[in-house]
Amino acid sequence: MTPPNTAPAANNLEAFFMPFTANRQFKKNPRMLARAKGVHYWTPEGRKIIDGTAGLWCVNAGHGREEIKAAIAKQLDEMDYAPSFQMGHPKAFELAARHAALLPGDLNHAFYCNSGSEAVDSALKIALAYHRANGQGTRTRFVGRERGYHGVGFGGISVGGMVNNRKWFGAMLPGVDHLPHTHLPENAFSKGEPEKGAHLADALEGIVGLHDASNIAAVIVEPCAGSTGFLPPPKGYLKRLREICDKHGILLIFDEVITGFGRLGTSFAAEKFGVIPDLMTVAKGISNATVPMGGVFVRKNVFDGLMNGPENAIDLFHGYTYSAHPLACAAASAVLDIYRDEELFARAAELSPYWEEGIHSLKGLPNVTDIRNLGMACGIDLAPEGPVGTRGYKAFAKAFELGLMVRQSGDAIAMSPPLVIEKAQIDEIVDITAKTIKEVA
Ligand SMILES: Cc1ncc(COP(=O)(O)O)c(C=O)c1O
């Protein structure tokens with residue numbers, strides 16, 4: 001019998017079905033990355049690209065960190081894999097204790113998974129199970145928000161608010177309502193949190209009026225919406241949402257997949273805004289993107305509420321083969337050491353005003369209709385040119401050509417560099433962004 005031909009086909013880009021990509025367009029003119037170190041990528045031809053986005057908002061401590069590499073290699077040597085169902089391994093418990101110590105309030109328990117999407121689905125399920133365990137099994141509805149992104153699981157797209165992520169995929173989860181998004185034209189060019197819009201949280205009262213609180217399990221929002229062009233919350237908005245949730249016994253979930261681990265100059269957005277959610281989802285910066293990992297941090301009362309059954313009964317019928325994978329735990333622990341030793345969250349806070357000034361200097365360039373920033377992230381809206389996303393894509397492609405990686409969302413470009421970035425490199429990012437905007441005018 002002839003063996004199948006498994007030899008690699010040189011320069012054949014056909015087989016890889018690329019995620020969130022215009023496959024045919026990409027394959028005609030590919031943007032390839034071959035190497036990364038610090039705040040830079042290199043293409044296979046050796047062209048240097050400054051990483052304006054920390055990969056996909058995830059490489060907060062910079063690329064190629066030797067400490068993380070060593071921790072993963074050591075763990076691989078010791079034990080490659082161990083299940084976490086009805087048994088455990090020390091690194092998982094150690095990591096959860098370290099996370100609990102870092103988290104604000106009484107977010108004292110960590111459930112681990114492999115991605116932000118899994119974290120969101122896990123959080124939604126924990127919310128349902130908690131209410132049921134506490135005699136409130138009618139609380140099954142969820143409230144998300146327009147322009148929210150919560151990954152790509154069916155739970156995440158149901159509570160998410162991005163039309164292209166939803167319209168292809170049928171009915172999704174039943175029983176979901178959406179709050180209005182918080183992007184108001186009167187807040188254009190705000191620095192940091194915009195002044196107007198706290199009242200938008202009151203829409204939750206309307207949803208409660210429609211369905212009754214006894215049917216609503218949880219509200220999920222990103223404290224700062226990331227994927228729809230970076231939308232910092234209006235002043236007072238998150239506090240108001242917390243108050244309304246408390247009033248009606250609704251759990252509040254913060255999706256901190258982007259805002260977690262230093263992006264806003266604090267450990268988490270919950271710390272920055274002084275609002276503690278009942279559940280918090282994380283991923284990305286948790287492991288500096290070296291080994292896939294996600295997690296749900298759970299407040300004491302929610303965790304305790306799930307511990308009321310018989311001691312020999314499984315508390316939550318949910319988990320993943322790779323929950324608390326030893327390599328991910330080793331990586332995440334090494335990342336925590338870096339965050340602590342290099343004080344990267346404080347560094348992000350210190351750099352934020354410089355970043356803000358640099359990014360807002362782009363105001364006045366052709367087609368720039370809004371600029372938003374908070375911590376070490378920003379969103380820049382460009383006036384559309386034809387179908388939505390045309391100018392945004394051109395800007396993304398042009399920036400890459402000029403040596404800068406940005407994120408595109410429609411006609412907005414977003415940036416979130418690694419927190420180890422230097423001021424001169426911020427200048428370089430601003431400079432290339434300005435050139436890009438002018439070239440796509
Ligand atoms: C806020 C938020 N939630 C969830 C996710 C999904 O994470 P993942 O792509 O790891 O599934 C993302 C990814 O960008 C995100 O930004």
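**Helix H9 and its surroundings**

In helix H9, the buried residues are Tyr 237, Leu 238, Leu 241, Arg 242, Ile 244 and Cys 245. Seen down the axis of H9, these buried residues fall within an arc of 165°, so they line one face of the helix. That arc is taken from the directions from the helix axis to the C-beta atoms. Buried means that 20 or more other C-beta atoms lie within 10 Å of the residue's own; exposed means 12 or fewer, and partly exposed is in between, with C-beta atoms placed from the backbone.

Two notes on the source. This is a predicted model, where local features need pLDDT of at least 70, side-chain atom pairs count only at pLDDT 80 or more, and totals for chains, interfaces and linings use all residues. Residues are numbered from 1 along each chain as its sequence is written.

Helices (H or I, at least four residues) and strands (E, at least two) are DSSP runs, numbered from the N terminus.

Why the one face? An α-helix has 3.6 residues a turn, so residues three or four places apart point the same way. On the other side of H9, Asp 246 and Lys 247 are exposed.

What covers the buried residues of H9? The cover includes helix H8 (203-211), strand E7 (216-221), strand E8 (251-255) and helix H10 (269-273). Contact here means C-beta atoms, placed from the backbone, within 7 Å.

Now the length. H9 has 12 residues (237-248) and should span 16 Å at 1.5 Å a residue; its end C-alpha atoms are 17 Å apart, which agrees. The expected span is 1.5 Å times one less than the number of residues. After H9 comes Gly 249, with a positive phi near 65°.

Methods:
Two residues are in contact if their C-beta atoms, placed from the backbone, lie within 7 Å.
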